[in-house]
Amino acid sequence: FFSCLFFFKMDFAAYLVLHNSGSWADCHVNYTNLAQAVAAEPDPAKCAALVEKECEQLHKFAEAQGMPTGIGAFLAFNYMTLFRAVGGPTRKARKAAKVTFFRWLKQQDIFQRYISLPRTLVVPVELVVFDKDGTLINHELIFGPWVEQLIAGMKDIVPLEVDGMSVWKGLGYDKATQTFEGNSVVCAGTYDDIRDWLCNWILKSGTSDKDADQIWDDIVRLWTPPECEPQHFTVCGDLTNVFNMLKAKGTRIAVCTSDDRADTLKTLEYLGLHPDKVRCGDDALSSKPSPEPLWDICQQLGVHPSRAVMIGDTLSDIRAGRNAQFGRVVGVLSGGYTNTDLAEADVVLKNVDELLALPLWH
């Protein structure tokens with residue numbers, strides 16, 4: 001069951017027949033046909049409609065079955081296929097299409113019922129996926145000063161207040177304490193998400209006569225990345241020991257972050273950490289809380305989601321793990337959020353040092 005051979009082979013019918021899944025064997029997303037149809041359609045809206053129609057048929061089948069025990073894995077395999085089929089002519093277009101599909105998907109009733117299904121943990125765990133900011137390092141030491149400098153550098157185009165709300169409140173940032181709210185786009189979003197938020201903020205203010213594309217170009221021109229030098233962050237535990245202990249157990253390690261790849265790799269190099277896989281916010285994938293980057297990691301490493309653990313400090317991390325049907329989803333308080341903020345996690349720890357004490361390997 002846990003062989004990596006079935007991952008993304010797209011012949012789910014044969015897989016399900018092999019495991020005596022009965023009538024389920026006759027209902028699966030045909031990746032080859034769907035991907036070819038999407039590739040042949042130049043209109044992005046029609047491409048999206050093709051994928052959504054396929055997903056709706058899948059949902060009708062799941063509804064007809066009454067969402068029985070075990071259908072979670074079946075739906076996960078098919079969702080993987082749908083994400084793989086979503087395309088675009090460029091990396092940016094492909095990512096945008098995947099983000100749009102996930103926004104549509106999470107509004108569907110069957111998907112909401114899917115994420116509430118019981119998840120199965122199979123031990124020993126073979127993969128631990130770490131978030132970066134707030135989980136491995138203290139992100140507020142980096143992002144607090146950075147977001148203030150960013151807005152200061154854009155003072156000519158970014159209004160400090162719109163409709164009685166300050167830009168800091170909109171960004172989920174307390175300037176007095178240099179801390180972020182749990183749903184802050186700065187903490188949970190990618191750099192493109194932050195740029196998109198700023199673009200919409202400017203449009204909402206009515207202070208510019210430029211269109212969205214022109215405003216976006218101005219934001220990109222004035223954009224400065226955060227400084228990721230060692231003096232700008234502290235670690236959230238004995239990371240070297242945690243990584244070494246996991247590797248000694250034969251557990252694969254990955255990092256999944258909303259930050260861009262260049263900054264992420266630089267930070268990991270400073271920390272002396274060498275995970276098996278890294279997925280970042282500027283990859284051509286939808287970002288957390290979408291399950292896609294976690295499934296992509298599983299596919300690349302040949303690990304079944306039920307043998308994987310997601311650990312992070314935000315609700316976005318927790319929901320990504322739940323959406324991906326990971327065996328365990330672990331919250332950590334090192335990012336400054338509370339047990340209440342992370343209530344959807346299976347367990348909440350002080351920091352990553354406590355991970356090794358969980359019964360995940362026996």
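Reader: How many helices and strands does the chain have?
Author: There are 15 helices and ten strands in the chain. Keep in mind that the model is predicted.

Reader: What radius of gyration does the chain have, and what would a compact globule have?
Author: The chain has 21 Å. A compact globule with 362 residues would come out near 21 Å, so the two agree. Along the principal axes, the C-alpha atoms fill a box of roughly 60 × 50 × 35 Å.

Reader: What percentage of the residues is buried?
Author: Buried residues are 51% of the 362 in the chain.

Reader: And the surface: what does the accessible area come to?
Author: About 16000 Å². Carbon and sulfur atoms hold 51% of that accessible surface.

Reader: What about contacts: what share is between residues 24 or more positions apart?
Author: Such pairs account for 66% of the contacts with a separation of 6 or more.

Reader: New topic. How much space lies in the largest pocket?
Author: About 1200 Å³. The pocket is lined by 44 residues. Closest to its centre are Val99, Arg103, Gly189, Asp193 and Lys288.

Reader: Which helix gives the largest share of that lining?
Author: Helix 5, with eight residues. Helix 5 spans 91-105.

Reader: Which other helices supply at least two residues each?
Author: Helix 6 (109-115), helix 9 (185-188), helix 10 (191-205), helix 11 (212-222) and helix 15 (315-323).

Reader: How does the lining split by class?
Author: The lining has 16 nonpolar, 15 charged and 13 polar residues.

Definitions and conventions: Residues numbered from 1 in each chain as written. Predicted model: local features only at pLDDT ≥ 70, side-chain atom pairs only at ≥ 80, totals over all residues. Heavy atoms only, no water. 1 Å grid on protein atoms, 1.4 Å probe; cavity = no way out; pocket = protein on both sides within 12 Å on 5 of 7 lines; lining within 4 Å. Points joined across faces, edges and corners; volume = space filled by probe spheres on them. Helix = DSSP H or I, 4+ residues; strand = E, 2+ residues; numbered from the N terminus. Nonpolar A, V, L, I, M, F, W, Y, C, P; charged D, E, K, R; others polar. Rg over C-alpha atoms; globule rule 2.2 N^0.38 Å. Buried < 20%, exposed > 50% of the residue type's maximum accessible area, 1.4 Å probe, protein only. Contact = heavy atoms within 4.5 Å. Areas by Shrake-Rupley, 256 points an atom, 1.4 Å probe, with all protein chains shown as cover.
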